[in-house]
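Have the model open and follow along.

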Amino acid sequence: MHLLNLGILAHVDAGKTSLTERLLHHAGVIDELGSVDAGSTRTDTLALERQRGITIKAAVVSFPVDGITVNLIDTPGHPDFIAEVERVLGVLDGAVLVVSAVEGVQAQTRVLMRTLRRLRIPTLVFVNKTDRRGARPEAVLRELTERLAVPVVAMGSVTAPGTPAAAFTAEDPAPDVLADHDDTLLAAYVDGTLTPARVRAALRAQAHRGVVHPVYAGSAATGAGVPELVAGIKELLPPAAGDPDGPLSGTVFKVERGPAGEKIAYARLFSGTLRVRDRIGADDARSKVTAVSVFGDGTDTRAEAVPAGRIARLWGLTDARVGDSLGTPRPGHGRFFAPPTLETVVVPGPGTDRRALHLALTRLAEQDPLIGLRHDEVRAETSVSLYGEVQKEVLQATLADEHALAVTFRETTPLCLERPAGTGAAAEFIKKGDHPFLATVGLRVEPAPPGTGVTFGLEVELGAMPYAFFKAVEDTVRETLAQGLHGWRVTDCAVTMTHSGYWPRQSHAHQGFDKSMSSTGYDFRGLTPLVLVDALRRAGTRVHEPMHRFRLEAPADTLGALLPVLAALDAVPGTTRTEGARCVLEGVVPAARAHALEQRIPGLTRGEGEWESAFDHYAPVAGGAVPERPRTDRNPLDRKEYLLNVTGRVGG
């Protein structure tokens, strides 16, 4: 069976969900079109989605087209939910990128197209809302070429744009863009032997490879251009591939809870066949698939197996998390977008049970792995990581609507990190000094290149003591580096174990094991944080804050008003150029200032400014007080407090 897993992507308010409804109606899956404004769409099923009129969670629906089963995935358009888009990209065979004929290419359009191109996902473009006043389909086609800098092929033209009578007329594609990517086609074009059939074949081949992007236009509201788009989906996007008899390989891209609280995992299979009662996971934590439903022919139906290429819902995988691999991990599948760079503290409202709140946040985090939870037991506080302010509002409403929990939030702050400023070493020995642990540990901390993360190495022989003790040291090093000298995660550092020592297992005649004379993993786990923070102190750490790269396009005569505001918010323009009556500024701004700056742009540019920003890198905090983050561990920075917390005594 010809099968296609298709993603619908767009910037917010481009009409993406309305197009999904129109495609389902065109295929006969629904008898009546749903409305985003009325909250009656098929894919926006969450109460909050219906209330706000935006897509928050990816949704899967299925429809048949002339013998093809299309599994269509509607994704969020707001940049605060880019993580939801990221999870979907890894399971797609093709995509439709929706662009408004009124607003044209937006910041999110650029981000999405860059990612689709990088992943080589075959993509069609649909210019929507051609019936709206102010629609400019021809200008948007030029924007696609100029502002997105991608090869596009117009598949027709629009008549009566900006009126309810706007219609799309299909036309033979021009060969010039195609010839740029095919030398034989170019030769035939030059010598005049090119035929329409040859052009169509080249278009199909290049679209399948994601080299060029066919552009359709129309209106999801009136249905104009939708039949032509459906024909393009059938002809120009490649079918799902995969060997059902090969080794099992799949990816979980969504997790939700059923009516009874049971966990349901959405997964795409790339190879092999997954059957009911199969066991998935590591040997020590295998879960049995208890039920399966497979998407196809307009709905999802219960089945006994999921073959390669299919998308299915799976029951029984109690430990499943978004991003988990089923069977053999898929090569080359990784993170496409930057992780969140902001965080906030969740404050329970009056009468809100803290334990119920923690459970609810944990369940939300399992559905979205980029909602990083950080629990401070001392202060009884929980922090969550975020992409932006809208995500915070949605989290608040979700807790209220789905869990009956009232919360507020503290001010959003940037998620910083620490990097070693130099090299430092420390060591502590058994029965020397005031520590009570039967262990000798020496560690050296050194800076490593950006992006390296944390590496752990040995300068002592691996056979010098039981391997379990080395493993205890390494695991504790990684745990301890979650909070550096200023409370931020320490990264891009190399930790080397320089000293080791232990007391072998001791026992007395006719008596059992003597713990007081024998080293255990507890000793190494207890001593390592003290040695590590001592080495960190000697090395020193530098706090780095997240920086966003921004692009601002605005009327040239507003530049004088913009520059002082940019400077006041610590934004540093790198390049400034003028394009006709408009100017384009590109540079960097601290993540902590990006939202405030974005809020100021409309007022400074008469509503004509276009702002785009995304995380780019971390940079040392410049000037002012170094940001501190409250610790949530046993505080090895204070030796006396740490020993009291760990052993109940100060030392000795």
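Start where two helices touch: Ala561, Leu562, Val565 and Leu566 in H14 meet Leu597, Arg600, Ile601 and Leu604 in H15, with contact meaning heavy atoms within 4.5 Å. Sort the residues of this contact by type and you get seven nonpolar, no polar and one charged (Ala, Val, Leu, Ile, Met, Phe, Trp, Tyr, Cys and Pro count as nonpolar, Asp, Glu, Lys and Arg as charged, the others, Gly among them, as polar).

A word on the ground rules: this is a predicted model, where local features need pLDDT of at least 70, side-chain atom pairs need pLDDT 80 or more, and totals for chains, interfaces and linings use all residues. Residues are numbered from 1 along each chain as its sequence is written, and side-chain values use heavy atoms, leaving out hydrogens and water.

Which residues of H14 are buried? They are Leu562, Val565 and Leu566, buried being under 20% relative accessible area and exposed over 50%, with a 1.4 Å probe and protein chains only. Down the axis of H14, the buried residues fall within an arc of 105 degrees, so they line one face of the helix. Their cover includes strands S31 (541-555), S32 (572-579) and S33 (582-590), along with H15. The face turned away from that buried side of H14 carries exposed Gly560, Pro564, Ala567 and Ala568.

Definitions and conventions. Helices (H or I, at least four residues) and strands (E, at least two) are DSSP runs, numbered from the N terminus. The arc is that of the directions from the helix axis to the C-beta atoms.
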